[in-house]
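Please take a slow walk through this structure with me, one part at a time. Keep the picture open beside the text as you read.

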Amino acid sequence: MKNLLIVLSLLGAAISMTAQPKSIEAVVQQINDRRTSGSFAQLLIAVQLPGVPSSQVVASRVLVTAAVDDTGASLLDAESGEPALEPNSRGSMFDEGEKETPVTVALTLKNPSRKATKVKEVRGEVELFMPAKDPNSVAEVAKFLSFSGKSVDHKALKSNGVEILLLSKADIESERKKIAEAHRKEYKEAGYEDGEDLENTIASMMEYTLIVEESDVPVRIKDPHKRIQEIEYVDSAGEVQRVHARNLHEDIGAITTWGDPPGADWKLRVKMKTSRNLERHAFVIRDVELP
Amino acid sequence: MRTVLRLIPLGLSLSLAFLAFGQGVVVEVDDVTDNRVTAEMLRGSLDLRLRLSGAELEDATAARVIVKEARDDRGTVLTKGDANQPDFQGREYNAGTVMLSLLSPARGASSVLIKGNVEIFAPSRDPNAMVRIDKALTKLDTPLASKTLQAAKIELTPLSAARYEAMLKDREVTEEMIAAMRAEGKKAGASEKEIELAIGLAQALGGMDAPPREGTVLLAGKRSSFDQIFRIDVLGADGEPMDTPERGSSTRGYDTIMTIVPREPPAADAALQITLLTAKSRLSIPFELTLELP
């Protein structure tokens, strides 16, 4: 029994050791200690990772576990939640033939004391979203509008358990009828009688319900494992068009450029996080001179 | 954090005016941001948003703060040392607050002392502050005729598109200008990198002058003339200033070109209304304040 416990303990230690991310070199590039009586007071440190080419990183985030200045004050902001992956804008600007540059990530801390002269130490992990590491990272669907009324078919979507149903005009009309009928039922149960008053009330409510704008592509997205990181269009000229998601009604949403609607020959590109394309590395920076 | 100070008039004439009305101006530090940066070319700054209030401001169209002295409690001088004075800022913008930018104080500093003047611009106090020039756009490429402008030594010329294009061509950055910039930069102690950046910026700005859109009012003059002008409006058929979503000015050396783009093209016989920063329309009140650094 004792031997079994020792074996289990060693096994636990081994698992815990393998779960530790590898450490990575981190070089401080820029420091911005923004001290204000108004909003957005913060210490922002931009850190370059010399071993990671910027072009391979689509998004990143830094999870700081400890940060302290040379007065001993902690710089961790207990009120801030876990940071989200932020797009790497410099990565997308890289052209082939140009000299490859390392990726830069940013970490946000509380303002150190004015008496502090250095950030003594910051420890944490940097998470890098690198779609090239997994063939199932990106689903690129040509002429995606042809899927109107159907689920978009792509093996990367299936592999990640993601379903994107493009709703047709008929689907939206049908949904609107269902919603109106549900309201009608509720009102009648509350004592309303069939007639002009009830219909006017329902019509008035429907003026603000499930309204699809011209630039909207209405969708129903199922993403149980929260894999979707980014959705974008690629237009006829091959240019990426940034897409925003908005909710229309309950589980029905819309993707939109806030501008022109997508063309019939445009592509839909969905970037997804997987266990293979999310890399975590431990880092530590020390003795950072404060401005 | 907020510091409220009643301005103390120092000059006798100002004191009399101040006391005669029994009113003052209150300066409130609305927001202070010490933006401290370590990066190659970037410099930090101490940015203040000041709220001005008081009876003297009731008829004011604009205000500005001229800093004469600013230093932190470690003795660091925070004034920028350039001769350029900030523009008057319209009271209708940013809730009447005035922005002020100084150099970064020392990290170990805890407070900053600022001495200077609040300048108030109230055109209603001087009948000569508003000049209306009828049919101002009928004689392009000829200086506007106005006794008031002449008396103030202000010369403004409405430009034709052809003259404007010719002036832009004259403004192109030449090799001689680049050599002069290099020499000036070296004399001022700028690094090679800073000089090259300035030259690149000048070249980029030179290429930004686009052909004017239809209905754009173009005015040329000496920088010293525009320095005496608060605002130029194009008047519509109703005699009121036209809505101008775009306006700007570009200065090279001593010459300035102003572009005013009304929402609708102005009538061929449109009038211009020029609001001048005359001595009688301005009031300068000394102040002194101490603020705590965040």
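Among the contacts in chain B that join residues at least 6 apart in sequence, 73% link residues at least 24 apart. Keep in mind that this is a predicted model. As you trace chain B, you will come across six helices and 15 strands. Of its 294 residues, 27% count as buried.

Now let us see which strands pair with it. One partner is strand β12 of chain B (residues 246-252), which runs antiparallel to β13(B) and is joined to it over seven bridges. Within this pairing, R252(B) stands opposite D255(B). The two strands β12(B) and β13(B) form a hairpin, with two residues between them. In that turn you can find G253(B), which has a positive phi of about 60 degrees.

Strand β10 of chain B (residues 217-222) also pairs with β13(B), again in the antiparallel sense, and this time over six bridges. To find your way along this pairing, look for L218(B), which has T259(B) of β13(B) opposite.

Next, turn to the place where the chains meet. How many residues of chain A are in contact with chain B? There are 15 of them, and they touch 16 residues of chain B. On the chain A side, these residues divide into four nonpolar, six polar and five charged.

Strand pairing also occurs across the two chains. Strand β2 of chain A (residues 27-36) pairs with strand β2 of chain B (residues 26-38) in the antiparallel sense, over six bridges. As one example, D33(A) has R36(B) as its bridge partner in β2(B).

Finally, how confident is the predictor? Chain B has an average pLDDT of 85, and 89% of its residues score at least 70. Within chain B, confidence is highest in strand β14 (residues 272-276), at a mean of 97, and lowest in helix α1 (residues 12-21), at 33. Over residues 1-23 of chain B, pLDDT stays under 50, although the model has 36 contacts beyond four places in sequence for this stretch. Where pLDDT is low, the predicted coordinates should not be read in detail. For the complex, the predictor gives an ipTM of 0.74 and a pTM of 0.76.

Methods. Residues numbered from 1 in each chain as written. Chains lettered and ligands numbered in written order. Predicted model: local features only at pLDDT ≥ 70, side-chain atom pairs only at ≥ 80, totals over all residues. Contact = placed C-beta atoms within 7 Å. Nonpolar A, V, L, I, M, F, W, Y, C, P; charged D, E, K, R; others polar. Pairing = 2+ DSSP bridges. Helix = DSSP H or I, 4+ residues; strand = E, 2+ residues; numbered from the N terminus. pLDDT = per-residue confidence, 0-100. Buried ≥ 20, exposed ≤ 12 C-beta atoms within 10 Å, placed from the backbone.
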